[in-house]
Amino acid sequence: MKAAVNLLWVFLSVLSAFALAHVVGAVNPTEKVNGLWLVVAAVCIYVLAYRFYGRWLARHVVGLNNQHVTPAVRLNDGVNFHPTNKVVLFGHHFAAIAGAGPLLGPVLAAQFGFVPGFLWLVIGAVLGGAVQDFIILVASMRRNGRSLPEIAHDELGSITGTATAVAVLFIVVVALAGLGFAVVNALYHNAWGTFTIAMTIPIGLIMGFYLQKFRPGAVVEVSVFGVILLIAAVLFGRVVAQSSYARLFEFEKPMLVWLLAGYGFLASALPGWMLLVPRGYLSTFMKLGVVFLLGFGVILMAPTIEMPRVTQFANGGGPIIPGTLFPFLFITIACGAISGFHSLVSSGTTPKMIEQESQAVVGYAAMLLESFVGVMALIAASVLIPGDYLAINTTLGAETLTAMGFAPSKIAELSQMVEVDVAGRPGGAVSLAVGMASIFSALPGMAGLMAYWYQFALVFEALFILTTIDTGTRVARYLIQEMVGRVYAPFRRMNWVPGVMLSSGLVVGAWAYLIGTGSISTIWPMFGAANQLLGMLALCIGTTVLIKMWKSPYLWVTALPMLFVGVITLTGSYEMFWMFLRKAGTLAAGQAFTLYLDAVLVALVAVLGMIVLSDSIRQWYGYVVLKKPFTSSEVVVVAGGGSAGRMQTAMCHHDDEKSFKLPHGTGCC
């Protein structure tokens, strides 16, 4: 059996290498690539990475141990801390991290060609994104579920902690506002989509009460029940859209903003088991179902990738992204490879729900699955004729695109098939929906249903985004409570109702105001850079955590991806800063204000990132080279032993021996 298993790993390694050779053009470089090769290469690499690199990280780097009592068990309050079934936990974590980034980023980055985006999605996720998510999840789990800024404050001091907190809160609000724009635009005068999304809320509530109050542990029952209701909502949504009741779900943008804000407030303030977790778990079924159906369609139909491997826009001057491939490819794909936003989820809701330490591997696995979502989005965009792809994602005319060498050929036919004029709809969502609909409608028995699949794909995208909004709002609420709690102690109690209501209202009010005024419509590119900078900060904090776990030989695990991400994002921030200033100089004072604001915000986040990085390097040198003593806020409670609560353990190096100074009366830890 062992020999057979080893042979399987060798076979997967050879298959992944052969498929990757086809993708990059090492084999048959003059021929167009079949989309099947991208799926095979990605899946093989993910399986190998999880089996070998992920397991090695879990066993040797962080040492997961089920004898350790997790915060979900020790601090169980039934609201924020509660042990969760591992399947539901994975569904919640994946739903929380998988927002618009892995869908829209790779679609927009296809402008540079499909090979650069594919390589960054796969390699970046395996060596960077999944490592960041996993290390931060374990660090938070072993610190009573504390947030990333709190971990930074405890482990690196008040300077780094404050800089991280400000950067995180800013990035979260901007991210939620940017995602909210996408939801509002997708559901604007869209009765079918609005009805389907709205129905997921009562369905989630029913699932939450069923699993928590009526039939605890009946995960299979509630899953079947939820999936049936979700499918019914999707199918019935089209009936509603074609009926006289459609007007009840056709909202103007201001009303959608208010409704979205109301949902975000409820998801943040209500107990996690009641709405947030079951709705995220429910949406995961639709997400995974669509992604795997798309993968099945690619495998079955083997569509040809029409986009070149690398386009002329890699040198800059592209109609979608004006910058060069380096560094703007890595900024555009803001989530599929590595995302700082994920570190907030990994130090937000998920570490408060882990029943056994071994379940923390969901941090690594879920990121690989999100990367696969990004690969499928890239394929869906790349099967379009390049001219049609650009005609959808830009407002340039056919003559201009033809002069660039990318003549639209089927844009009118595509518009007729989906029953919507798709030309001149930039942003990535529409081109992704058209590409997905093209693949789905080519499946056996699906001919003539492209319009249905197009609308279904838009609902699918909106569901992805909305799940990130509710989890992000809750995470931001935690951040505000922790920050204000340093001044007014009651705020630190996560269940203190006034604190919950006030902090939730502040977060929702901030991103809803930005959506309503439209004042950040030009900040999305800046968010991409800020999001990656947050990833750099998370890896920086993860490096400190490894040092304080006596894992200095493994620092390269987090330090190398941190350096790479830091270089590309700081370079991108520098270029974007001057880009905003140059463009603002050509506009009137009123129009230029937003661009000047963008430039200031880019500079602010970059400076905060440099502060955290420089302060961390100074401390690493002291701990690793000078052997200075350090303290750690890590809390490890072994089953059957006492609990030290939130203790500070002083650790000192004395040549080859380690001495641990435990606070008096801390019990067994």
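Glu 306 is partly exposed, with a relative accessible area of 22%. Keep that residue in mind for the opening view of this predicted model, where a search of the whole structure turns up 8 salt bridges.

**View A. Glu 306 pairs with Lys 32.** Here the two side chains meet in a salt bridge, 2.6 Å from N to O. The partners come from distant parts of the chain, 274 residues apart. Glu 306 sits in the loop between helix 12 (276-301) and helix 13 (325-332), while Lys 32 sits in the loop between helix 1 (2-24) and helix 2 (35-61). Lys 32 counts as exposed because its relative accessibility is 56%, and the cut-off for exposed is over 50%.

**View B. Arg 142 meets Glu 357.** This salt bridge spans 3.0 Å, N to O. Again we're looking at a link between distant parts of the chain, with 215 residues separating the two. Arg 142 belongs to the loop between helix 6 (114-141) and helix 7 (148-156), and Glu 357 to the loop between helix 14 (340-346) and helix 15 (362-382). Both Arg 142 and Glu 357 are buried.

**View C. Lys 548 reaches Glu 155.** The side chains form a salt bridge at 3.1 Å, N to O. Lys 548 lies in helix 22 (residues 524-548) and Glu 155 in helix 7, so this pair ties together parts 393 residues apart in sequence. Lys 548 is buried, and Glu 155 is too.

**View D. Arg 142, Glu 357 and Glu 634 make up one network.** What joins these three residues is salt bridges that share partners.

How values were computed: Residues are numbered from 1 along each chain as its sequence is written. This is a predicted model: local features need pLDDT of at least 70, side-chain atom pairs count only at pLDDT 80 or more; totals for chains, interfaces and linings use all residues. Side-chain values use heavy atoms; hydrogens and water are left out. A salt bridge is a side-chain nitrogen of Lys or Arg within 4 Å of a carboxyl oxygen of Asp or Glu. Helices (H or I, at least four residues) and strands (E, at least two) are DSSP runs, numbered from the N terminus. Buried means under 20% relative accessible area, exposed over 50%, partly exposed in between (1.4 Å probe, protein chains only).
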